[in-house]
Amino acid sequence: MDPADRYCYNPVLRWNPQVEAYFSKAYGPHHFYRISQALTRPSCYSCIRVNTLKSTSDAVIEKLLAIIQERELDNAVDGMHVSESNAAAKFDMEGNLQSSLGECNDHLNLDEQKKVAVGNFEQLNSQKKSLETGPISKCQLPGLDYVVFVRGSGPHTIEYGYEIDKPPKEVIVSRKCAEAVLRGAQVYVPGVLACSSHVEKGDVVAVSVAVEQPGTDGGWVVGITRGTVLQDPYHFERNALYIGRGVTMLSRAGIFRASGGIAVDMNSRVFKLPSFHDVLEGEIFLQNLPSIVTAHALDPQQGERILDMCAAPGGKTTAIAILMKDKGEVVAVDRSHNKVMDIQKLAAEMGLHCITTYKLDALKAVCRSNESNDMITASCRKDTEDVTLQSSDSPRVQMEKNPYSTEAFNTDFTCREIVTNGEGNQRAYTSKADIRKNIRRMRNGPGRNQGIGGRVEKSKGFSPNSFDRVLLDAPCSALGLRPRLFASEVRDKGGWVSWFS
């Protein structure tokens, strides 16, 4: 095979046959093919929502440009920084403009000369503004001036250093890792599946992706065990699935021994999009435009009480709170404990105090009762003795009483159960198992469910008509998320389920 056909990025999106037949009939085969190809590529821009309670769009653009210049992003988005050559081009442009104006003025009367001068200077200012901001711009849609777009570029042709009978060293990453890399992320340790032998720190490697392949049981499997040594550098399953080139930050042994960190620093990418990891935390949030528009269409007002159902990871929740100027109450619910914790963390990061979170299945959001509203409110909230109401005022759960504190262990070493005999006498009994358990807790610290910040408030629902507005963004097909390298079926505990379910 021609190396140019192998070491490139041209994936074929695999669909469930029934879904493919349906879409082909609905859109036509050619149009559906173009849709499939487009889904395998990331968006040509990154969409950033500005936290207007902390900053402004103009200030964020200025800061991003300064950060980009400091980082010297020669291997990131083309033209995102105002280089010295661009500055020189501006001065040259001004000089050329003055020269051309002088030549033109000899043949025009005074009024015509003024019109030409005004037109040329307007064009010059427009060009200057374009050079100064590069591909960073504010959204032009009415009311969405707090949204900033950062353009990317691609696809680019990458030189992988292939020589006859001497293929480049290679790192294979998981599909989800590859999708993140295509959006601008680095290759982190957990995303690496396999690696060539004798890879050392600082080696230049080609990065490819392992996409699900048809299995022997009729399903889809990756077929690579993490830690595998690549034996066949020409394996056909990686044809046209190379996403870039980078420098290893760890040796092969270090990659599969470490629990986290960057494994490969991507310096040559098929698609160049900026990474916003740890950039202006609390001031900006990377979010898809349709999600931003959803919160905008809800039109939340200050002082209102709003329910956000299926709220994780909290992007629209925080958008609503910011539109309300952090005045009122946004109740965010999700049925996953960890996802509720993610909402709290994001709200705290953005400095929002009006967000209250609950663990609740949205299908059980309405609490029906014949009692009064006060009784409904009381009965719909779980009576927790040691956990206060979860709010974004603090990134950690505030504990009214911590049973695992040192003082508690000193005064009452274990939980005691009361044993009552037939004569009515009572005595406190401490089992040896409880003693051993508490000794381990004192030595190792409390577990996640016992530690501060490890619990979330549960709810049994809310009374009818208790909210001014409700946002329900139910789980959907996720078809609009890009890039997408696999679109068929995956095996779940209950059997085969659609990727879009």
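Predicted model: local features only at pLDDT ≥ 70, side-chain atom pairs only at ≥ 80, totals over all residues.
User: How many helices and strands are in the chain?

Analyst: The chain has 14 helices and 21 strands. Helices (H or I, at least four residues) and strands (E, at least two) are DSSP runs, numbered from the N terminus.

User: Why is serine 57 called buried?

Analyst: Buried means under 20% relative accessible area, exposed over 50%, and partly exposed in between (1.4 Å probe, protein chains only). Serine 57 has 8% relative accessibility, so it counts as buried. Serine 57 lies in helix H4 (residues 57-71). Leaving aside residues up to four places away in sequence, serine 57 touches Val50, Lys138, Asp145, Tyr146, Val147 and Val148; contact means heavy atoms within 4.5 Å.

User: Is cysteine 8 buried or partly exposed, and what about cysteine 177?

Analyst: Cysteine 8 has a relative accessible area of 23%, so it is partly exposed. Cysteine 177 has 10%, and is therefore buried.

User: How many disulfides are there, and by what rule?

Analyst: A disulfide is counted for a pair of cysteine sulfur atoms within 2.5 Å. By this rule the count is zero.

User: What makes glutamate 457 a buried residue, and where is it placed?

Analyst: The relative accessible area of glutamate 457 is 6%, so the residue is buried. Glutamate 457 sits in the loop between helix H14 (432-444) and strand S19 (469-472). From histidine 337 it is 120 residues away in sequence and 9.3 Å away in space, C-alpha to C-alpha.

User: Which residues of helix H3 are buried, and why are they said to line one face?

Analyst: In H3 (residues 29-39), Phe32, Ser36, Gln37 and Leu39 are buried. Seen down the helix axis, these buried residues fall within an arc of 160 degrees, so they line one face of H3. The arc is that of the directions from the helix axis to the C-beta atoms. The buried residues of H3 pack against helix H2 (17-27), and the face turned away from the buried side carries the exposed residues His30 and Arg34.

User: Why are S2 and S13 called edge strands of their sheet?

Analyst: The open sheet has four strands in the order S2-S3-S1-S13, with antiparallel pairing. Strand S2 (136-138) and strand S13 (284-286) each have a single partner strand, so one side of each is left without a neighbour in the sheet. Two strands pair if DSSP finds at least two bridges between them. S2 and strand S3 (residues 147-151) have three bridges in the antiparallel sense, and lysine 138 has valine 148 in S3 as its bridge partner. Helix H9 (residues 289-298) packs on this sheet, touching strand S1 (45-50) and S3, and its direction makes about 30 degrees with that of S1. Axes are lines fitted to C-alpha atoms, for helices over the stretch in contact, and angles run from 0 to 180 degrees between N-to-C directions.

User: What makes S16 and S19 the edges of the parallel sheet?

Analyst: This open sheet of four strands has the order S16-S15-S14-S19, with parallel pairing. Strand S16 (355-359) and S19 each have a single partner strand, so one side of each has no neighbour in the sheet. The twist averages 20 degrees from one strand to the next. S14 (residues 305-309) is joined to strand S15 (residues 329-334) by four bridges, with aspartate 308 opposite alanine 332. S15 and S16 pair over five bridges.

User: How do you know that strand S14 and helix H10 are mostly covered?

Analyst: In S14, five of its five residues are buried. Arg305, Leu307 and Met309 point one way from S14, and Ile306 and Asp308 the other way. In H10 (residues 315-323), eight of its nine residues are buried. H10 lies across S14, S15, S16 and S19, running at about 175 degrees to S15.

Technical notes
Residues numbered from 1 in each chain as written. Heavy atoms only, no water.
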